[in-house]
Amino acid sequence: MSHVKDIADDFLSLFLPHPCLSCGTHLVRGEEVLCTACLLDMARTDFHLRRGNMLEQAFWGRCPVERAAAFSIYNRGSRIRRLVHLLKYSGRKDIGFRLGTMYGSVLAESRFTDGMDMIIPVPLDPARERHRGYNQSRHVADGLASRCRMPVRSDILYRRGGSGSQTRRGRYERWENVEGLFAVMKPGDITGRHVLLVDDVITTGSTMEACVNALQAAGDVKVSVVALAAAQKLTV
Ligand SMILES: [Zn+2]
């Protein structure tokens with residue numbers, strides 16, 4: 001049934017103008033996903049243009065990261081925060097794909113993704129994914145891949161169940177909570193490769209850190225990380 005609905009939605013979208021994801025006004029020619037006003041209003045980082053940017057620095061001393069970038073800044077009241085909430089809690093997985101597509105264009109144009117071999121979405125807690133029905137990072141990854149011409153591999157990084165909620169824990173406790181939570185399958189598929197790890201939001205960096213460490217354990221792997229947004233405290 002949902003498949004039929006997807007086809008109907010695709011068909012309708014050929015004729016109906018897309019509304020801006022954020023404010024709902026009809027997009028005009030040349031606008032994609034967000035209208036120009038919302039795009040200008042959004043706090044964009046341009047981290048992808050700067051090696052050694054603040055987000056990369058946030059990982060220094062924690063785990064080896066080649067490059068790190070986030071499209072926007074995540075804080076109370078920010079436009080991206082509202083969009084990410086819709087993506088995670090209101091079933092709007094299309095927002096992940098559409099924002100991923102937009103950011104994918106930005107990253108591909110700046111050659112940020114040159115030399116990278118595959119995109120790996122950060123896995124969701126299995127119980128949470130069953131409840132939500134999807135992993136939002138996978139949809140962001142699919143959007144990125146549509147512009148960056150890389151395969152999305154969801155069959156490499158696995159998450160063990162039972163982490164509990166992370167939203168109310170401090171950074172150290174979170175790190176303890178996520179360390180050992182991720183495991184790599186088919187390590188031969190990433191050996192000697194440069195992988196792009198993707199999440200919707202980087203809040204403390206501890207989930208990314210645990211994923212990077214799990215991937216690195218496969219040996220001779222370069223890892224870069226991107227997200228739709230990074231918490232402001234990580235970037236100042
Ligand atoms: Zn708008």
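A: One begins with a definition: a residue is buried if 20 or more other C-beta atoms lie within 10 Å of its own, exposed if 12 or fewer, and partly exposed in between. The model here is predicted. In α7, the buried residues are Gln136, Ser137, Arg138, His139, Val140, Ala141, Asp142, Gly143, Leu144, Ala145 and Cys148.

Q: Is α7 largely enclosed or largely open, and what covers its buried residues?

A: Because 11 of its 13 residues are buried, α7 is largely enclosed by the rest of the structure. The cover includes the helices α4 and α5 together with the strands β2, β5 and β6. From first C-alpha to last, α7 (residues 136-148) reaches 18 Å, close to the 18 Å expected. Just after this helix, Arg149 takes a positive phi of about 50°.

Q: How are two packed helices described?

A: The description uses the angle between their axes and the distance between the axes. For α4 (residues 79-89) and α5 (residues 93-109), the axes come within 6 Å and cross at roughly 130°. The two helices are therefore oblique to each other. On the α4 side, Leu83, Leu86 and Leu87 meet Lys93, Ile95, Gly96 and Leu99 of α5. These contact residues comprise 5 nonpolar, 1 polar and 1 charged.

Q: Which residues does Thr45 contact beyond its neighbours within four places in sequence?

A: Thr45, in the loop between α2 and α3, is in contact with Ala70, Phe71, Ser72, Ile73 and Thr235. Its C-alpha atom is separated by 5.6 Å from that of Ser72, 27 residues apart along the chain. With 18 other C-beta atoms within 10 Å, Thr45 is partly exposed.

Note on methods. Residues are numbered from 1 along each chain as its sequence is written. This is a predicted model: local features need pLDDT of at least 70, side-chain atom pairs count only at pLDDT 80 or more; totals for chains, interfaces and linings use all residues. Axes are lines fitted to C-alpha atoms, for helices over the stretch in contact, and angles run from 0 to 180 degrees between N-to-C directions. Helices (H or I, at least four residues) and strands (E, at least two) are DSSP runs, numbered from the N terminus. Angles under 35 degrees count as roughly parallel, over 145 as roughly antiparallel, 65 to 115 as roughly perpendicular and the rest as oblique. Two residues are in contact if their C-beta atoms, placed from the backbone, lie within 7 Å. Ala, Val, Leu, Ile, Met, Phe, Trp, Tyr, Cys and Pro count as nonpolar, Asp, Glu, Lys and Arg as charged, and the others, Gly among them, as polar. The expected span of a helix is 1.5 Å times one less than its number of residues.
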